[in-house]
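Let us walk through this structure together.

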Amino acid sequence: MAAKVRAGNGFIAALDQSGGSTPKALTQYGVKEDAYSGDAEMFDTIHAMRARIVAAPAFNGDKVVGAILFEDTMDRDFAGEPAAAHLWNTQGVVPFLKIDKGLEQQADGVQLMKPMPGLDALLDRAHDLGVFGTKERSVIQAANAKGIDAIVAQQFDVARQVLAHDMMPILEPEVTISIPDKQEAETLLRDSILRHLDDLPDGTEVMLKLTLPEMPGFYQVLVDHPKVMRVVALSGGYSLEEATRRLTLNPGIIASFSRALTERLSVDQSDAEFNDSIAATIDAIHAASTAD
């Protein structure tokens, strides 16, 4: 799995919408909130969408390096096989797990991650199920040095806990794409990440999931860093067209898109239409992820 991720000949699909983001994802897919009742039905509905994506002929290890799962998805099956095992054994796609429990209220221009009680037990269970790594998201809303340093410190603290379970952490300090000081926030973020990377023991690697930067190649120093296995990019609200355009300007970074991956899919599409649509999207994201 590490070799597959390190080679990076493709992208990581983010199939990890949680309870808070699932209604929006389902609405985009054409399923209105009155079509399901309660969390159980909501998660059944979103799992059906994810299973449809995973079952598409184009969704395989040729162009999809990995997939990030929500905990509820990890505990379910794809095609009658445990989700993580199916992704790797049947399709050659490396499984990751979203582990954060949502965001705190904004302070110092950022939203830290909420506490994660039971994380060690979850990591043990995920490791036993064949999950390769994790992803943990926090959000930067302003170029505030104190807040950004706090975000990065928290991300690295969680990363060390993940590494202790022989798993690969993806640190995701997302910069909101609409803030007026986005480039300044990116500078503070990059510099803080570099300082924390220096503190990691030699031979230790992490992954980074970052908002596509304003300046092309801005994160190249992170792409080339010996303690970074991969840098991946989130779509962050950009359209598929804009996200892939920005990605081509940042060689060495591969996509890890969620909303942009599913924006052209609909519950009302026939299987043939759905498969053609996801195949076209996968081709576009793969091409942008492997552009020189």
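H2, strand S7 (133–140), strand S8 (168–175) and helix H11 (259–262) each give at least two residues to the lining of the largest pocket. Helices (H or I, at least four residues) and strands (E, at least two) are DSSP runs, numbered from the N terminus. This is a predicted model: local features need pLDDT of at least 70, side-chain atom pairs count only at pLDDT 80 or more, and totals for chains, interfaces and linings use all residues. Residues are numbered from 1 along each chain as its sequence is written, and side-chain values use heavy atoms, without hydrogens and water.

The largest pocket has a volume of about 900 Å³. Of its 33 lining residues, Gln17, Ser21, Arg137, Glu174 and Ser258 are the closest to its centre. The lining holds 8 nonpolar, 13 polar and 12 charged residues.

Now follow H2 (residues 22–29) to helix H3 (residues 38–55). Their axes (lines fitted to C-alpha atoms, for helices over the stretch in contact) come within 10 Å and cross at roughly 55 degrees. That makes H2 oblique to H3. Angles run from 0 to 180 degrees between N-to-C directions; under 35 counts as roughly parallel, over 145 as roughly antiparallel, 65 to 115 as roughly perpendicular and the rest as oblique.

Last, take helix H10 (residues 240–248) and helix H12 (residues 271–289). Their axes come within 8 Å and cross at roughly 20 degrees. H10 and H12 are therefore roughly parallel to each other. The residues of their contact (heavy atoms within 4.5 Å) divide into 5 nonpolar, 4 polar and no charged.

Note on methods
1 Å grid on protein atoms, 1.4 Å probe; cavity = no way out; pocket = protein on both sides within 12 Å on 5 of 7 lines; lining within 4 Å. Points joined across faces, edges and corners; volume = space filled by probe spheres on them. Nonpolar A, V, L, I, M, F, W, Y, C, P; charged D, E, K, R; others polar.
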